[in-house]
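Okay, everyone, let me put this one up on the screen. I'll start with what the database record says and then walk through some helix packing.

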Amino acid sequence: MDRPSLGPAGIVVDLAAVRANARLLRATAGVPLIAVVKADAYGHGMVACAGAAQEGGAAWLATATVEEALALRAAGVAGPVLCWLNGPASDFAAAAAAGIDLTAHSVADLDAMAAAFAGRTTPARVQLKVDTGLSRNGVPRAAWADVFARARAGEEAGTWRITGVWSHFACSDEPDHPANDRQEQAFRDALALAEEHGLRPELRHLASSAAAILRPSSRFDAVRCGIALYGLDPAPGEATDIGLLPAMTVTAPLLAVKDLVPGDAVSYGQHWVAEQTTTVGLVPVGYGEGIPRSASRPGAPDAAATVGIDGKRRPIRGTVCMDQVVVDLGGDRPPLGSEVVVFGPAGAGGPTAQDWAEACGTINYEIVTRIGGRMSRRYVDSEIDGVRG
Ligand SMILES: *Cc1c(COP(=O)(O)O)cnc(C)c1O
């Protein structure tokens with residue numbers, strides 16, 4: 001495969017993949033897409049990915065914090081934006097002035113918002129999150145009636161319009177888990193109670209990526225997709241293959257090659273010892289770049305993560321350092337400066353983020369979101385540049 005050079009070391013994000021994934025999710029779900037761009041778009045770059053998602057047809061953007069939502073606006077991103085994580089310093093007035101939908105999780109939240117909206121002449125936009133079984137944020141069932149009553153009173157006072165009611169699954173990556181049915185039923189109960197209190201939210205939403213793909217009954221008025229937007233599988237092992245394209249490729253140059261003889265030990269703790277003559281390569285990425293130290297564990301060399309060099313998988317040997325890893329080249333001597341594919345789409349010459357997740361005992365979300373540190377990020381657009389050939 002004829003690939004253009006991806007540069008010295010860093011993260012390459014293909015915005016065409018994000019755009020295509022947005023289109024695919026919109027078509028698969030059959031309802032509007034809320035593109036989740038929190039945590040710097042899971043490490044992919046918030047503003048660029050927000051634009052690509054909108055180009056791909058995302059009707060809404062969503063962030064966790066109020067500050068992230070304001071950062072989108074500050075970067076010139078228009079269109080509907082939802083956020084849901086409120087802190088003591090969250091500027092509700094600025095968010096409302098910027099046309100951002102806030103989320104309230106309690107009567108106290110609504111009271112704080114009402115105070116912040118005091119000088120407004122038009123209703124702010126507020127959504128209500130109900131807890132249906134995650135026990136994270138969201139209004140607990142025992143408080144639904146009080147919150148809905150307070151929310152309706154605020155509508156009648158012209159303080160806000162309740163634009164949405166929503167919730168979040170705990171187990172949607174396990175489609176047969178009984179919690180999914182229970183949560184969806186609880187959500188329907190909450191919607192019915194909201195209606196009894198006179199609320200008419202235009203946007204009722206429950207599903208994130210896994211349920212958007214696997215659970216049609218949970219799609220309601222919109223789906224909130226994060227990981228699938230970036231082309232990664234929200235529920236590995238389940239029937240989620242709708243043709244998503246991983247957007248992120250991480251590469252580094254091969255810095256050095258050296259010979260080892262039997263008995264030579266590698267890296268801190270000398271946990272890996274060569275049993276036969278081999279060559280090893282030095283790759284300048286470590287936990288300072290977000291490479292999990294758990295990618296190579298003492299006594300489990302066969303479980304170590306790999307990288308791709310010359311189209312071959314090269315396992316990490318010994319402990320992951322802050323700045324570097326050592327990989328087994330099995331006697332080969334690739335030229336210095338050879339491109340090391342840390343991870344990327346299947347077919348990019350190395351492992352996938354999912355492969356790394358399995359080696360590290362985590363989920364693909366964590367692999368891409370934590371990657372960064374000293375690495376630069378670059379955007380390409382394969383619809384324009386032809387990166388995918
Ligand atoms: C992160 C998040 C999402 C997106 O989840 P994915 O599994 O990445 O699609 C949706 N809703 C809420 C409340 C979230 O915190």
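So, UniProt, in an unreviewed entry, puts the feature "active site" at two places, Lys38 and Tyr268. Keep in mind that we're looking at a predicted model here. Do those two positions sit together or apart in the fold? They span 231 residues in sequence, and the farthest two C-alpha atoms are 35.1 Å apart, so they do not all gather at one spot. Which of the annotated residues turns up in the lining of the largest pocket? Lys38 does. And if you want to find Lys38 on the screen, look in helix α2, which covers residues 38-43.

There's one more item from the record. UniProt, again from an unreviewed entry, lists residues 247-380 as "domain: Alanine racemase C-terminal".

Now for the helices, and I've got two pairs to show you.

Pair one is α1, residues 15-29, with α3, residues 46-55. Their axes are 7 Å apart, and the packing angle is about 45 degrees. Angles under 35 degrees would count as roughly parallel and 65 to 115 as roughly perpendicular, and α1 and α3 are therefore oblique to each other. The crossing of α1 and α3 is right-handed. Who's touching whom? From α1 you have Leu15, Val18, Arg19 and Ala22, and from α3 there's Ala48, Cys49, Ala52, Ala53 and Glu55. Sort the residues of that α1 and α3 contact by class and you get 7 nonpolar, 2 charged and no polar.

Pair two is α6, residues 107-116, with α7, residues 144-156. Here the angle is about 20 degrees and the axes are 9 Å apart. With the cut-off for roughly parallel being under 35 degrees, that makes α6 roughly parallel to α7. What's the handedness of the crossing of α6 and α7? That crossing is left-handed. On the α6 side, the contact is made by Val107, Leu110, Asp111 and Ala114, and on the α7 side by Asp146, Val147, Arg150 and Ala151. The class breakdown for the α6 and α7 contact is 5 nonpolar, 3 charged and no polar.

So, to take away: the α1 and α3 crossing is right-handed, while the α6 and α7 one is left-handed. And for the annotated site, Lys38 is in the lining of the largest pocket. That's it from me, thanks.

Technical notes. Residues numbered from 1 in each chain as written. Predicted model: local features only at pLDDT ≥ 70, side-chain atom pairs only at ≥ 80, totals over all residues. Heavy atoms only, no water. Axes fitted to C-alpha atoms, helices over the stretch in contact; angles between N-to-C directions. Helix = DSSP H or I, 4+ residues; strand = E, 2+ residues; numbered from the N terminus. Parallel < 35°, antiparallel > 145°, perpendicular 65-115°, else oblique. Left-handed = near helix turned anticlockwise from the far one by under 90°. Contact = heavy atoms within 4.5 Å. Nonpolar A, V, L, I, M, F, W, Y, C, P; charged D, E, K, R; others polar. UniProt positions renumbered as here; feature names shortened; annotations may be inferred. 1 Å grid on protein atoms, 1.4 Å probe; cavity = no way out; pocket = protein on both sides within 12 Å on 5 of 7 lines; lining within 4 Å.
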